[in-house]
Amino acid sequence: MDNNILKLLQDSPIVVPRILFNNYKKLNITEEELIIIMLIISLGNMIEFNPDIFVQELNMDKPKVMTLISNLINKKILSLDMIKNGRKTEEYISLSLLYDKLVNIVMDILFVKQNLLIAFI
């Protein structure tokens, strides 16, 4: 087997928190938006905003990428944070809003489980 093909197949997997994977519809996230989030997770929590990375990595056209990111910002899943770096100001994509929402989902699940346990006692 061609070593380049084998290396491509063995490339690093993208790891997604199960709570996100199981509950993305509760967050009103589409499958395409989830793919955007998965790429951001794989690149790091705070990545410099560069739509060309998404275009290249996901093989999507730029207007589609911009629409999906805009949708996620409007849904308060992503935020664009301006960080001053010397004289230059850079935009970074942050997942902190997403993680806050996931924490709330976990808390709700634990609350329901706790109430079910109390009901049986």
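The model is predicted, so local features need pLDDT of at least 70 and side-chain atom pairs count only at pLDDT 80 or more, while totals for chains, interfaces and linings use all residues. Residues are numbered from 1 along each chain as its sequence is written, and side-chain values use heavy atoms, with hydrogens and water left out.

**Confidence**
- The chain has a mean pLDDT of 87, with 88% of its residues at 70 or more; pLDDT is the predictor's confidence in each residue, from 0 to 100.
- Helices here are DSSP runs (H or I, at least four residues), numbered from the N terminus.

**Helices H4 and H5**
- The axes of H4 (residues 51-58) and H5 come within 9 Å and cross at roughly 115°; axes are lines fitted to C-alpha atoms over the stretch in contact, with angles from 0 to 180 degrees between N-to-C directions.
- That makes H4 and H5 roughly perpendicular (65 to 115 degrees).
- On the H4 side, Pro51, Asp52, Phe54 and Val55 meet Lys62, Val65, Met66 and Ile69 of H5; contact means heavy atoms within 4.5 Å.
- The residues of this contact split into six nonpolar, no polar and two charged.

**Leu102**
- Leu102 sits in helix H6 (residues 96-120).
- Leu102 counts as buried, at 5% relative accessibility (buried means under 20% relative accessible area, with a 1.4 Å probe and protein chains only).
- Leaving out residues up to four places away in sequence, Leu102 touches Ile19, Leu20 and Leu27.
- Leu102 and Asn23 are 79 residues apart in sequence, yet 8.5 Å apart in space, C-alpha to C-alpha.

Terms used. Helices (H or I, at least four residues) and strands (E, at least two) are DSSP runs, numbered from the N terminus. Angles under 35 degrees count as roughly parallel, over 145 as roughly antiparallel, 65 to 115 as roughly perpendicular and the rest as oblique. Ala, Val, Leu, Ile, Met, Phe, Trp, Tyr, Cys and Pro count as nonpolar, Asp, Glu, Lys and Arg as charged, and the others, Gly among them, as polar. Buried means under 20% relative accessible area, exposed over 50%, partly exposed in between (1.4 Å probe, protein chains only).
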